[in-house]
Amino acid sequence: MKNSISLFDSGINQFEHLLSLVETRSQDIPGSINNSYTRYQTTHSIQIDESAVMMYHYEHINSPNNFLELRFCIRSNRYCTQNNCLDCENDHSKDCHHKHQAIDVFKFRIHATFLSQFTQNLKLQDQKDEVLAFKYPISFTRTFPICSRKRQALDALFNHNFTGSLENIFVNAKIQELLLYTLDCLANDKEERFSCKFLDNQSDREKIIRAREILLQHIGNPITIKELSRKVAINECYLKKGFKEIFGTTIFEFYQQQRMEHAKYLFYNKGLSVTDVSFLLGYSSISHFSTAFKKHTGLKPCELLSPLP
């Protein structure tokens, strides 16, 4: 007989004897996103319940302790115990005899200070906006179905070839995708319409989404809006209006936010100097970088790196 359990409801520790740890990764950047994801190989005939949970923690307006937490537990059939498996490398994974049932557990805690980038000058229209801006006054926990878009984003976190700084950019982008898809589940049943009529065209929406991906690829090599519009084949006016409507922020604000989040990663996780970070992010001078960083975080880079008293 199979045992059906929920790792979130019952707690992972209770079932450690049924699971074998395969891999775990984590990252903790104060005031940004804390994430951890762990893969377990099942060693007994158990059936893990898949689940997706959003926890909205609200203390009071502008509290530094406000946060959103996303948790996912999914069954994965892509774990292979063999290094350099020829079947998997040659896209014949269905013929692989070394694959085992795996359980992937993800936790993403996203702080209010990080989310504020999406709500500046935003006119709140519904519960999604209130939650994102931490104007919804009651904490809650909500479960959601795991749609194909969430599943693909989660699967990509364990199955990609990025390393170092590029991995940080990739992971940050995927977490934001998961936040988008989860908040979208809070929408009313009524289909939302775009105020920019050209966004009713799926092709144009995909161009705007592609523009965001290109910006993330150019974290250390700034690209102009004119160059960006040419790359995605849409005029500058449509690009700027469409980007603001879909992502709730301007191209410049989004790009600066991503650069500063990456700067924090380079400081905290890589221990790089202000000079090195300024150079890697494509700034012409340290003073320009320091000004931008202070505007984003409220601190000068040297203050951030100073030891706490």
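Student: What volume does the largest cavity have?

Tutor: The volume of the largest cavity is about 140 Å³, a volume being the space filled by probe spheres set on the grid points, which are joined across faces, edges and corners. This is a predicted model, in which local features need pLDDT of at least 70 and side-chain atom pairs pLDDT 80 or more, while totals for chains, interfaces and linings use all residues. Residues are numbered from 1 along each chain, and side-chain values use heavy atoms, without hydrogens and water.

Student: What makes a residue part of a cavity lining?

Tutor: A cavity is a set of points on a 1 Å grid over the protein atoms alone where a 1.4 Å probe fits but cannot get out, and lining residues have an atom within 4 Å of a point. The largest cavity has 16 such residues, with Gln 27, Ser 32, Asn 168, Asn 172 and Glu 261 nearest its centre.

Student: Why is the pair of Tyr 283 and Phe 289 called edge-to-face?

Tutor: Rings of Phe, Tyr and Trp (its six-membered ring) pair if their centres lie within 6.5 Å; planes under 30 degrees apart are stacked, over 60 edge-to-face and the rest tilted. Here the centres are 5.5 Å apart and the planes at 65°, so the pair of Tyr 283 and Phe 289 is edge-to-face.

Student: Is Tyr 283 buried or exposed?

Tutor: Buried means under 20% relative accessible area, exposed over 50% and partly exposed in between (1.4 Å probe, protein chains only). Tyr 283 has 14% and is therefore buried; Phe 289, at 0%, is buried too.

Technical notes: 1 Å grid on protein atoms, 1.4 Å probe; cavity = no way out; pocket = protein on both sides within 12 Å on 5 of 7 lines; lining within 4 Å.
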